[in-house]
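Trainee: Could we go through this model together? I would like to start with the chain contacts.

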Amino acid sequence: MKIIVEAAGWLKRFTSGRSELELDLPENASAIKAAATAGIPESETGFLIVNGKKVDGAYVLKDGDTVKVYSHIIGG
Amino acid sequence: MINMPKILKADGMNKCIGCFTCMLACAGVNHQNHSLSKSAISVRTSGGLQGKFVATVCLACRDERACAEACPSGALEKRPGGGVILKPEKCIGCKKCVKACIVSAVNFDEDTHKPIICKHCGVCTKFCPHDCLRMEEVPNDL
Amino acid sequence: MIYEDYVRVLYINLSTGKIRIEHRKDLHEYLGGVGVASRLLEETVKPELEPLDEAQPIVFAIGAGSTVFPVLTKTVAMFRSPLTGELGESYAGGRMAMTLFMAGYDAVVIQGRSCKPVYLAITRNDVEFKDARALWGMSSDEVGRVVREREPGRGKRSIIRIGPAGENMVSFASVCVDTYRHFGRLGLGAVFGSKNLKAISIVGDKSIPVKNFKEYFKVYQEIYNRVTDTEIMSKYHDAGTPINIEPLNAAGALPTKNLRQNVFEYGDNISGETFAQKNLIRKMACTGCPVGCIHIGQFRREFDKGHEYEAVSESYDYELLFSLGSFLGTKTSDEVLQLIELAEHYGLDAMSAGVALGWATEAFMKKLVTEEQTLVPLGFGKTQSYLKAIEYMANKRNDFYKALSEGVNKASDLYGGKEFAMHFAGNEMPGYHTGYGAIIGAAVGARHSHLCNGGYSIDQSMKEFDKEKLVSALFEEEKERCMLNSLVICLFARKVYDRKTILMALNSIGYNLKDEDLTAIGERIYKTKLRIKKALGFDQMSVKLPKRLFETPSMMGQLDENVAYELLGMYNKRVEEMMAGA
């Protein structure tokens, strides 16, 4: 199924600078799998937003979903 | 293959973030001291933190070295490639070299009573996180 | 003192104009920073007197490894907070730690009150009390310039100063450190003002020979490489903390319009990316830190007709984009910078100022106060009104703004609207509505900050909500940060400075400590802070949480007030057990 992964801000360093990637993933792939396939390490994956809503890594994706990946909240 | 001498170039100061790590490294390596006042390279603002950072470094003068000319006791010898080398045993601590340097790059160590002369050793360039400093190969002029 | 077994404390008496120096061997086991400062505060604070009484102290302290290792850049200030009435603890970077270190002081205790406005000039050989009468009334920017021009020590100097808000003793007035950093929270600026202390200039150029150079420099290099080569810290330099706006907004954790909402419809306009594209002009560092997380944004302002422009530059960080941005419904990055500029000009804590204005706006909307009191029509997104309101708060213009200048807790006591006065035990809220971790963390944190124990971070990483686990995590992190803040680390580097690295660094400069020692130090410091809080009248169990926290959904969904109070009780039990086991 076709999944779009958007890498927010600083995370673009893992996707060769691209803010949007189109991936072809097996059925029932999870949100965290999509992020990983796009090249974003799990340790840097903070938030996963699918179709405007925050989801867990294990969330099962449907064909045509967009997964936006953000890094952890950084605070100091 | 003969190694060409190198000199310090501080020509990337537009990128400087003012972290002072170069100064801490110079003082540490060259003087085994934690204090910034021992550093040969000086980074400061051009008037308050709203202004740019500027670096005062030894420019490795060739031909005429004003500091060496001003020294009455021959404590500053010409360094191959430019600049000078301090011979501390000949130095009397008169500070004439400090005044003579046209870009004010000679700092003075009030504790040892000797000038702080840049060795162009390159340690500061290794500790700049932003590529503001570099070493450049130059022909030997001596 | 580095390489010594004592802490070198400089005592300054503003009433008598005298100083004294003590070498405190008994403080050595507190390592430095918040450890040493807590003990000094415990000794000198007067619980029976008001926070702004002249007998109250201001304590500054640097850490065991300040300046000699990368990113150990901060100074801690401890005092009795005029905002909360109890423990005041605040951190700032800039150049202060480096200059104190090179001037040869580990801690400074300031007591008394000068009869005339004064600024202090501290160097390694002298402490001068200088006439500041003509400086009284100046913005922190102007006074910084004057002191810079009058005092020697260019390049090796730190200048900390207050603006008019501090002079007027606004309860959340801040102290500006080297233009772009601050002791922001809990009102240190007001304490300065109450002592007629306008500024402090510190110049450090002492010779401090390195002992054991080979071992020390090996450790220095290793830490430096870890800080600069790895990904760990580059995100702080990239777009900086402002990058948080987008994910927090998408996750429903961004406090918006006095927390009436948890999502901001204009979030993209004030996101870190937008600031980076439109306003960012340079990045800077605190001295001793190769990361450079200070982001400076610029906007162009037309100050008069006929194309009369000026360029205004301000430092911006996530918390300011929340408090003066989403919390007030501010729609553009330029306007946020404008609000930051004015808060800076007067010397107000940007976080508390924004949250105070948020409450005032809702109070105005709900007609608890009228325009006769607010003087301008307050409304979310109405930047021009907020600019005026900031000025009125800083100057305590009328009874309403005088009350507001004491914080939302006291203002809502007088005018109502306690349910939407967003504070934790008197300290205005930080920018995270992530769940129970953020709320409990700020309520129990020794200085009521999200940084005491990183509650918001625990909310993010906890897979399944577990009460016991949350309370434990907060408790352990609170103690751990007491130890980290005695070094004094910049918390951005907490992933680089794991226990192994800390021990390696401290051992190379003569602190023969083991892992258990670090744990013991953390607990020792936490107990000290809790004793101070108790002596100053703080009671954890009487903390009331504003109802708005449970009305607006958080990132974790709707929160239950009963659960929150249950968690507070559980945390308090852990504290009591620890104190009993003393």
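Trainee: How many residues of chain B are in contact with chain C?

Mentor: In this predicted model, 22 residues of chain B touch 31 residues of chain C, where contact requires C-beta atoms, placed from the backbone, to lie within 7 Å.

Trainee: Which elements of chain B give two or more residues to that side?

Mentor: They are α1 (21–31) and β2 (42–45) of chain B, and α1(B) gives the most, with 3 residues. Helices (H or I, at least four residues) and strands (E, at least two) are DSSP runs, numbered from the N terminus.

Trainee: And the numbering and cut-offs?

Mentor: Residues are numbered from 1 along each chain as its sequence is written, with chains lettered from A and ligands numbered from 1 in the order in which they are written. Local features need pLDDT of at least 70, side-chain atom pairs count only at pLDDT 80 or more, and totals for chains, interfaces and linings use all residues.

Trainee: What pLDDT does chain C average?

Mentor: Chain C averages 96, and 100% of its residues score at least 70; pLDDT is the predictor's confidence in each residue, from 0 to 100. The complex has an ipTM of 0.90 and a pTM of 0.95 from the predictor.

Trainee: How many residues does the contact take from chain A and from chain C?

Mentor: The contact takes 15 from chain A and 24 from chain C. On the chain A side, β3 (47–50) and β5 (66–70) each supply at least two residues.

Technical notes. Contact = placed C-beta atoms within 7 Å.
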